[in-house]
Amino acid sequence: MIRATTCGRRAFLLGLTAFATHLVLSRNGTGATVAWRPEGSPFGLGVASGSPTHDGFVLWTRLMGENLPTDQDVLVDWEVFEPDDPTRILAKGATAALAQLAHSVHAEVAGLAADRWYGYRFRLGEWVSTIGKARTLPQAGTPARIRFAYASCQHWEHGFYAGYRHMLAEQPELVLFVGDYIYEYASSTSAFAVRHHQLPAARTLDDYRARYAIYKSDPWLQAMHAHCPWLVIWDDHEVENDYAGLHSLYATEHFAKMRAAAYQAYYEHMPLRPSTMLAGVEGLLRGQELRIYDRVAFGRLATFHLLDCRQYRNVAVDKSRSMLGFPQEQWLDEGIGECTRQGVHWNLIVQQNRITPANYPSGAGKNASVDRWDGFHQSRERLIGSLVRHRPRNTLIIGGDIHQNWVARLHRDPYDIRSPVVASEFVGTSITSHMGRSQKEAERHAAQNPHTLLVNTEKRGYGVVDLTPERAEVALRVLDDPRQEDSGITTLARFVVEDGQSVRFATNQ
Ligand SMILES: [Fe+2]
């Protein structure tokens with residue numbers, strides 16, 4: 001089936017050849033576009049794919065350049081082709097780079113074959129983007145395997161993205177990015193900064209756009225985006241440190257407006273489908289909901305539940321206190337139930353923080369951080385309740401935020417290791433972002449936390465997960481030195497989760 005999906009606006013199917021080529025012209029906004037002839041490549045921020053489905057994905061780029069008409073849309077051509085042969089075009093079309101959205105392009109491609117890799121690129125006049133690769137997802141059945149990577153916290157000033165160079169070599173089929181894609185702070189004065197952007201703390205739409213442009217100029221980040229689809233969720237630094245819903249930790253003036261600008265810039269720079277803007281472009285500009293929580297199924301092998309722990313967070317002290325907001329909690333509960341009914345092998349709860357508790361010498365449940373699930377035990381109990389009620393076959397939690405590798409078991413009673421295990425948690429360290437705690441402190445802390453299998457504060461890196469119906473193998477990959485562009489990499493530890501079991505340590509190689 002050939003389908004043109006374009007954000008609910010006009011779409012035209014132009015042609016179909018014997019090679020199942022289809023042409024889709026999609027126009028957003030007013031439909032009026034202007035011819036712009038850039039003097040250099042307008043694709044300097046690279047390309048990306050995301051939001052994969054069984055028959056398509058979103059292709060992303062953002063036009064940059066001198067004399068880019070600031071108030072007029074520009075039509076950008078795109079092509080989808082055989083992965084190793086750009087001359088064998090399988091689909092093509094044109095999508096408007098909207099002036100209102102920083103001339104970003106979110107081309108929603110549909111009607112492709114399931115479970116298949118594709119190549120893609122953009123064209124504007126004589127300029128052609130780099131080639132990216134994207135894949136569609138298996139529609140049914142149980143695929144034999146998938147490899148995916150998870151990463152978070154890529155403070156651009158704190159290191160070079162050697163992690164992405166190594167991740168690329170591991171050829172994952174998906175990347176889960178679980179937050180802190182940018183940091184909103186003013187340029188760092190700390191000794192561990194290796195590059196400086198000279199920008200003030202981000203507050204306005206232009207500030208956030210400039211920040212993304214800096215981050216996305218990195219060649220290894222671009223290469224990793226071009227390699228495969230990314231599933232992306234945000235954490236706090238895409239807006240402001242430790243914010244919760246519409247509550248600013250710093251009582252920042254006009255925070256709602258600032259958050260709306262930050263959310264808009266996030267959409268502009270991520271391969272999200274246009275329907276993420278629940279109320280369309282105008283709604284996004286007015287600060288309405290950006291629905292990034294989403295569910296992605298890889299056949300019956302795995303379902304990724306991508307959560308938003310920031311936008312709907314409610315810090316009330318009564319029963320309404322919630323990490324996810326009640327509509328999202330209910331959506332997650334229903335999704336877990338549906339996965340059980342469908343016989344999905346692995347439920348991946350992909351979120352931005354740490355769900356298992358961090359106990360302190362003062363005692364279990366004391367000093368609970370209000371920035372993490374520890375401060376939202378009501379939400380955590382409801383999530384555990386969903387897992388107990390629906391009994392999914394296997395549940396893995398992927399998280400970030402804390403700049404340390406943390407591997408732990410989530411128990412029915414999270415503070416009692418004698419209670420049954422309901423999930424295994426892997427919180428990834430940062431790609432680059434600094435962490436001040438020493439390993440000695442971390443080990444003292446781990447001793448207070450018998451549900452943890454590993455805590456490591458000193459290493460930056462990412463995780464790689466190989467999933468089959470029988471087992472999940474997780475490798476914690478860590479850089480020798482994130483401050484070196486040519487840093488080597490090693491494996492801090494490997495863990496295994498056998499079907500129906502909880503996580504166990506495998507090797508430290
Ligand atoms: Fe972070």
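Author: Helix 1 and helix 3 cross in a left-handed sense (the near helix is turned anticlockwise from the far one by less than a right angle; clockwise would be right-handed). Helices (H or I, at least four residues) and strands (E, at least two) are DSSP runs numbered from the N terminus. The model is predicted: local features need pLDDT of at least 70 and side-chain atom pairs pLDDT 80 or more, while totals for chains, interfaces and linings use all residues. Residues are numbered from 1 along each chain as its sequence is written.

The pair consists of helix 1, residues 162-169, and helix 3, residues 219-227; their axes come within 8 Å and cross at roughly 30° (axes are fitted to C-alpha atoms, for helices over the stretch in contact, and angles run from 0 to 180 degrees between N-to-C directions). The two helices are therefore roughly parallel to each other (under 35 degrees; over 145 is roughly antiparallel, 65 to 115 roughly perpendicular, the rest oblique). On the helix 1 side, Tyr164, Arg165, Met167 and Leu168 make the contacts, and on the helix 3 side Trp220, Leu221, Ala223, Met224 and His227 meet them (contact means C-beta atoms, placed from the backbone, within 7 Å).

The part to examine in detail is helix 7. Helix 7 covers residues 377-390, 14 residues in all, and reaches 20 Å from its first C-alpha to its last, close to the 20 Å expected at 1.5 Å a residue (that is, 1.5 Å times one less than the number of residues). Its buried residues are Ser379, Leu383, Ile384 and Ser386 (20 or more other C-beta atoms within 10 Å; 12 or fewer is exposed, and in between is partly exposed). Looking down the axis of helix 7, these buried residues fall within an arc of 150°, so they line one face of the helix (the arc is that of directions from the axis to the C-beta atoms). Glu381, Val388 and Arg389 are exposed, and they sit on the face of helix 7 that is turned away from its buried side. Just past the end of helix 7, Arg391 has a positive phi of about 45°.

As for what covers the buried side, the buried residues of helix 7 pack against helix 6, residues 326-342, and strand 19, residues 421-427. Helix 6 and helix 7 pack at an angle of about 20°, with their axes 9 Å apart. That angle makes helix 6 roughly parallel to helix 7. The crossing of this pair is right-handed, whereas that of helix 1 and helix 3 is left-handed. From helix 6, the residues in contact are Glu329, Leu332, Asp333, Ile336, Gly337 and Thr340. From helix 7, they are Ser379, Arg382, Ser386, Leu387 and His390. Ser379 and Ser386 are also on the list of buried residues of helix 7.

Strand 19 is the other packing partner of helix 7, and Phe426 lies in this strand. Phe426 counts as buried because it has 25 C-beta neighbours inside 10 Å. Leaving aside residues up to four places away in sequence, Phe426 touches Leu396, Ile398, Val407, Gly463 and Val474. Thr356 is 70 residues from Phe426 along the chain, and their C-alpha atoms are separated by 9.8 Å.

Ser430 is buried, with 27 other C-beta atoms within 10 Å. Its contacts, again without residues up to four places away in sequence, are Ser152, Cys153, His403, Met435 and Arg460.

For comparison, consider helix 4, residues 255-269, with 15 residues and a reach of 21 Å from first C-alpha to last. Helix 4 is mostly covered, since 11 of its 15 residues are buried. Among them are Met258, Ala261, Ala262, Tyr266 and Tyr267. The buried residues of helix 4 pack against strand 4 (56-62), strand 7 (104-109), helix 2 and helix 5 (280-285).

Ser51, which is not a glycine, has a phi of about 45°; Ser51 is placed in strand 3, residues 47-53, and counts as buried with 25 C-beta neighbours inside 10 Å. Gln198 has a phi near 65° and is found in the loop between strand 12 (174-177) and helix 2 (205-215). With 7 C-beta neighbours inside 10 Å, Gln198 counts as exposed.

How values were computed. Contact = placed C-beta atoms within 7 Å.
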